[in-house]
Structures are given as structure tokens and as C-alpha cells.
Amino acid sequence: MSLVTLLDFLPRLQQLDSREAVRFDNGIRTWVFSYRDLYRQIAGFSQGLADRGLSKGDRLLLWCENRPEWLIAFWGSLARGLQVVPVDYRSSPHLAARIQQEVQARLLVYGRVPHDQLSLPALPAVALSREQ
């Protein structure tokens with residue numbers, strides 16, 4: 001199997017099935033995701049994007065710390081054909097707003113950025129929730 005693009009890797013996730021794909025430790029608890037888990041959640045996230053009316057070529061701003069949900073949002077967006085614009089989670093709201101203005105993303109996906117810092121007008125947002 002020749003892997004040329006990132007999307008070529010998605011079918012491989014199903015083949016790896018129950019093998020451990022990601023281990024995430026927040027210092028209190030450890031989460032383990034199998035490739036099957038990731039594939040299902042990627043598919044679910046991608047479907048959620050479709051339900052929101054996002055389609056190939058649309059841009060999504062991904063402003064989130066490094067964690068499994070970031071991977072799921074990233075891959076789910078790619079599977080939907082979206083252009084992902086990652087923003088470092090340590091970036092200021094001002095910088096995120098400037099990036100949004102430049103790229104004209106249709107959706108903001110964020111992690112633990114406090115709601116009062118989300119100052120991106122007219123941009124629908126989705127929180128990636130995780131027990132912290």
C-alpha cells in the first residue's frame with residue numbers, strides 16, 4: 001500500500017483496529033485510543049462538519065492545545081476536504097482574530113481557550129471537550 005497523501009493513511013486506521021494509537025496523560029488521568037476509536041471519532045467529527053454545511057475547500061481554524069481531540073478534529077477536517085489552519089494554543093486572541101481575518105475560516109474549533117477570550121466575530125465555534 002503506497003501512502004502519498006495524508007488521506008491515504010485513513011483506510012489504514014481501520015486495518016490497525018484495536019492496536020493502541022494514542023496515549024494521552026494530563027497528569028491526573030491517562031486516556032488510550034485504539035485506531036478503531038480514532039477512526040470512529042474522525043468519521044463522527046467529519047459528519048458533524050457536513051451537518052454544519054461545511055464542504056471541500058472551506059477553511060477551519062483549529063485553536064487547541066495538543067491532545068487527542070486535536071488529532072480527531074484535524075483528520076476529520078481533512079477527510080471532509082477542509083483546509084485546516086492550526087493556531088498555536090498559546091496565541092493571543094488578537095493574533096487568532098488576525099489569522100481568521102486573513103484566511104476567512106468558516107468555523108473555529110477550540111480547546112481550553114476561555115470563552116471570554118474568543119473574540120472572533122461572526123465565526124461559529126465548536127469546543128473540543130475533554131474532562132480536564
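1. Strands S1 (residues 20–25) and S2 (residues 30–34) are paired antiparallel, with five bridges between them. Pairing here requires at least two DSSP bridges between two strands. Within this pairing, Phe24 has Trp31 of S2 as its bridge partner. Four residues lie between the strands of this hairpin, and Gly27 has a positive phi near 95°.

2. This is a predicted model, in which local features need pLDDT of at least 70 and side-chain atom pairs count only at pLDDT 80 or more, while totals for chains, interfaces and linings use all residues. Residue numbers start from 1 along each chain as its sequence is written, and side-chain values use heavy atoms, with hydrogens and water left out.

3. On confidence, the mean pLDDT of the chain (the predictor's confidence in each residue, from 0 to 100) is 87, and 89% of the residues score at least 70. Strand S4 (residues 83–87) has the highest confidence, at 96, and strand S6 (residues 125–127) the lowest, at a mean of 80.

4. The chain contains four helices and six strands, in the order α-β-β-α-β-α-β-α-β-β from the N terminus. These are DSSP runs numbered from the N terminus: helices are H or I of at least four residues, strands E of at least two.

5. Of the 132 residues in the chain, 40% are buried, meaning under 20% relative accessible area with a 1.4 Å probe, protein chains only. The chain exposes about 7800 Å², of which carbon and sulfur atoms supply 49%; the areas come from the Shrake-Rupley method with a 1.4 Å probe.

6. Contacts are heavy atoms within 4.5 Å. Of those in the chain between residues at least 6 apart in sequence, 62% join residues at least 24 apart.

Definitions and conventions: Buried means under 20% relative accessible area, exposed over 50%, partly exposed in between (1.4 Å probe, protein chains only).
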